[in-house]
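Please keep the viewer open as you read.

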Amino acid sequence: MRRHGTMTREEACDMLWSLYLISGAPMYEAPDYDSVQPWPYKDERDNDIAAKSRVISALSIMDTKQMSRNLGIHEQRLKHLHAAYAAAIIKRLKSLHLPDFGKKETALKDEIIRSHPANPDGNVIGSDIKDYEWTHRWNNLVTFSSRNSMYHSYVSKIMEKRFIPMLVKYFPDQAGEVVKYIRKAGYGDGEVLALIDRTAGYNSNTAYLYQGKSGEEHRKKLQRKQSGE
């Protein structure tokens, strides 16, 4: 995408189809955290999540004007397509994240440690682990917890920071369109302005998103918070 020269129509079509397929591809069919089945994807823990994130990064840097000329379609149609791709990915990852899982993770780990046949007192995990079901159960819990954290971190640290500026760039002075795709990404009405705050922030490019009574009240609240009142 960063190479010199202009893409051919065939190259542009291939790229969009590739992004579409990656966007819609299923996530790893991973064992649940209490499963005794082995993790089926050797040496891979988050490649599926990372691939989804790279789609949004790719969309955010794409030259829609040039791409629309290559494809022979209206640029605005392409922008709506990109926004829909990104929103669908974020909604999927948000739906998989369990925000309260950490509260019960410690208890689950303690339970597994106590169940180890070589440690009836549950004090330590032996270095010679012969019980394969126990090992798979432990590994699945650790992996499940790690992936659960990744769902949140990829969305909050990468995807949101690409998604919102992309919407602002695509739909200037069209607050309805921006909010529409934020909702499609799985955010409730009460989350919209907070999401904009932590990604694009309030500035001359985003001021139109803070119009209306609720937007004005939110902006004043934000200003009071920043001034330490």
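Predicted model: local features only at pLDDT ≥ 70, side-chain atom pairs only at ≥ 80, totals over all residues.

Residues are numbered from 1 along each chain as its sequence is written, and side-chain values use heavy atoms, with hydrogens and water left out.

Let's begin inside. A nonpolar core here is a set of buried Ala, Val, Leu, Ile, Met, Phe, Trp, Tyr and Cys residues joined through side-chain atoms within 4.5 Å; buried means under 20% relative accessible area, exposed over 50%, and partly exposed in between (1.4 Å probe, protein chains only). The largest such core has 48 residues, and Phe163, Leu167 and Ile182 touch the most other members. At least two residues each come from α1, α2 (47–61), α3 (64–71), α4, α6, α7 and α8, with α6 giving the most, 11 residues. Helices are DSSP runs (H or I, at least four residues), numbered from the N terminus. Leaving aside neighbours within four places in sequence, Leu167 is in contact with Ala83, Val178, Tyr181 and Ile182, where contact means heavy atoms within 4.5 Å. A separate core of 6 residues includes Tyr33, Phe101, Leu108 and Trp134.

Now turn to α7 (residues 175–184), where Val178, Val179, Tyr181 and Ile182 are buried. Why do they sit on the same side of α7? Because they cover an arc of only 165° around the axis, the arc being that of the directions from the helix axis to the C-beta atoms. Their cover includes α4 (75–96), α6 (132–170) and α8 (192–199). Asp173, in the loop between α6 and α7, has a positive phi of about 60° although it is not a glycine, and it counts as exposed at 65% relative accessibility. Gly186, which follows α7, has a positive phi near 100°.

Two more residues deserve a stop. Asn148 belongs to helix α6 and counts as buried, with 6% relative accessibility. Beyond its neighbours within four places in sequence, Asn148 is in contact with Leu96, His97, Leu98 and Phe101. Tyr41, in the loop between α1 and α2, is partly exposed at 24%. Beyond its own neighbours within four places, Tyr41 is in contact with Tyr28, Glu29 and Ala30.

What about charges? The whole structure holds 9 salt bridges, each a side-chain nitrogen of Lys or Arg within 4 Å of a carboxyl oxygen of Asp or Glu. Glu75 and Lys79 form one, with their closest N and O atoms 3.7 Å apart, and both residues are buried. They are about one helical turn from each other, because they are 4 residues apart in helix α4. Lys65 joins Glu75 and Lys79 in a network of salt bridges. In α7, Glu177 and Lys180 are 3 residues apart, and their side chains meet at 2.9 Å, N to O, in a salt bridge. Asp189 and Arg183 also meet in a salt bridge, at 2.7 Å, N to O; Asp189 is exposed at 55% relative accessibility, whereas Arg183 is partly exposed at 45%.
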